[in-house]
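Work through the exercises below with the sequence and the structure open. Try each task before reading its solution.

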Amino acid sequence: MNKITVFMLLFLSAFSMFSQKAVLSFKNEDVSRKTSKDAFTLSNTVTNDLTILMVERKDVYAYLFNSDFELQSQFQTELIKSKYDQALGFKLTDSQQHILFSNEKKTQFAVLTLDFKTKKSTATELDFDFNNELFIEAINYKNKLYVLSSTSEQVIIIREMTDALGFKTVTRIPINHDDVNLRERKSYSSFSFAGTLKTNIQKIDPRVPNAIEQTSRANKMYQYDNLVFLTFEIEDIGTLAFTINFDDFSHSTKIYEYPTGKLGDLKRYNSYMSPEYFYQIASSRDEMRFIINDISGTPIKEFFVKKDAHITFKNTPIIQEGATAVPFVNRRELEESSKYLRKISTGDLGLTVLFQDNHYYITLGGNKEISTGGSMMMTGGMVTAGTTHVVTINPTHYSYSSYTSSKSTYFTSKFDSDFNHVKGKVSENVFEKIKEFSHNYKYITAEDVFFHNNQLYFGYFDLKKATYSLNAF
């Protein structure tokens, strides 16, 4: 290896390391050096203060930083009862921080209140029962906490957590559309009421890369600041989309019809939604249609794949990740379009959209249940990385954990702002940079990926150094 090669390797390594910036670091000598830990954050969108909570078994170490990452207060307390293992969201006031927890079934709720002035906490079990309603999701907006639920009559109810730690109803939204009688359609199931009460809506953070396992779900929720979109794929009809504005709770409903095939009947459908565009993907073993519509549903661009033709608009190889037919091989590249179409059309179809550097990076693919040695593995299941607390309260961390353990078949394309295909390599995304950075640290736990003041951060605790560090990416 000559000197120039060595220099280039050192330069590239340094460039990778300096693509992130360390913003704070603090020691905690009171925690165990051997036990794994959880961590999650509360971002104040009004003052830009940041709360970091590190959890070791029942102990909670709470830290409050101002907008310049200067420590304002810290104290140690205890976590809420163990049965409340799901952190759903938070409400922030001038003096207190309220974190809403629930049991796994979302039928019992409690609030952990942190007071950084008195350096004390209180746990309050809520005397609240959804009765026949089903918890859907929690939404944080402007330091307020909203809880969405659904009735058996298919009505969405939005409630706000009050200062008295109760819930007041702010609006009711009928899940209906003039063109479709949803209650008469057996194939339509926006929520699960039979058996275990469990919402089947996947929360999507559109600011970061998302794995196909997430976006291939039939029912999704996206939050763009004050706008929340709920989308449901309805067999044989199209995508039913609800738009809710959390500034005034106005809402609208629209159905985007599924595209038809050019060569025959299409078998699989899915979509992705943003405030400006509605993206559709549909496929069969013979073809795939990818359509970009404006928000009204008018097509503005389309790309087409045939089984016997080369895919001209892809920037990466066709990649299959997860279990393959070859033992101990978890990633391989596919050459033929026919293999790609066959794999994505026998599972759950999906697409992801990421806008960065004035370009759109769009991933098209699918995932399916894979048989591995007689046992069945659902590729879209709960991630093992991260904790229950982090996953439920922070969809960004869930996206990171899912992305770095992807099991699907896909390719990625790059487009300009007018959705013209741009040739060339796809640049490394932020999750890949974080993953590469974290590999340099052997003894870390309490990993968290989150947004604060419109900046993405990666936090972790180094067991060997007993130090928590936070880096901006």
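**Exercise 1.** How are helix 5 and helix 6 oriented to each other: roughly parallel or roughly perpendicular?

Solution. Keep in mind throughout that this is a predicted model.

Step 1. Locate helix 5 at residues 395–403 and helix 6 at residues 430–438. Their axes come within 10 Å and cross at roughly 75 degrees.

Step 2. Compare the angle with the cut-offs: 65 to 115 degrees counts as roughly perpendicular. Helix 5 and helix 6 are therefore roughly perpendicular to each other.

Step 3. List the residues that meet. Helix 5 contributes Thr 396, Ser 399, Tyr 400 and Tyr 403, while helix 6 contributes Phe 431, Glu 432, Ile 434, Lys 435 and Ser 438. Sorted by class, this contact of helix 5 with helix 6 has 4 nonpolar, 3 polar and 2 charged residues.

**Exercise 2.** How many residues of helix 5 are buried, and which residue caps the N-terminal end of the helix?

Solution. 

Step 1. Count the buried residues: in helix 5 they number 8 of 9, and the helix is mostly covered.

Step 2. Name them. The buried residues are Pro 395, Thr 396, His 397, Tyr 398, Ser 399, Tyr 400, Ser 401 and Ser 402.

Step 3. Look at the N-terminal end of helix 5. The cap is Asn 394, with a side-chain oxygen 3.0 Å from the backbone nitrogen of Thr 396.

**Exercise 3.** Is Ser 73 buried or exposed?

Solution. 

Step 1. Find Ser 73 in strand 5, which spans residues 71–78.

Step 2. Apply the cut-off. A residue counts as buried under 20% relative accessible area. Ser 73 has a relative accessible area of 8%, so Ser 73 is buried.

Step 3. Examine the surroundings. Leaving aside neighbours within four places in sequence, Ser 73 is in contact with Ala 62, Tyr 63, Leu 64, Phe 116 and Lys 119. A polar atom of the Ser 73 side chain lies 2.9 Å from the backbone oxygen of Phe 116.

**Exercise 4.** Which residues of strand 23 lie on each of its two faces?

Solution. 

Step 1. Assign the sides of strand 23 (residues 318–321). Ile 318 and Gln 320 are on one side, Ile 319 and Glu 321 are on the other, and all are buried, so that both faces are covered.

Step 2. Find the partner strands. Strand 24 (residues 331–334) runs antiparallel to strand 23 and is joined to it by 4 bridges. Glu 321 has Arg 331 as its bridge partner in strand 24. Strand 29 (residues 409–415) also pairs with strand 23 in the antiparallel sense, over 2 bridges. There, Gln 320 stands opposite Thr 409.

Technical notes. Residues numbered from 1 in each chain as written. Predicted model: local features only at pLDDT ≥ 70, side-chain atom pairs only at ≥ 80, totals over all residues. Heavy atoms only, no water. Buried < 20%, exposed > 50% of the residue type's maximum accessible area, 1.4 Å probe, protein only. Polar contact = N/O pair within 3.5 Å; in protein donor to acceptor, adjacent residues only side chain to side chain. Contact = heavy atoms within 4.5 Å. Axes fitted to C-alpha atoms, helices over the stretch in contact; angles between N-to-C directions. Parallel < 35°, antiparallel > 145°, perpendicular 65-115°, else oblique. Nonpolar A, V, L, I, M, F, W, Y, C, P; charged D, E, K, R; others polar. Pairing = 2+ DSSP bridges.
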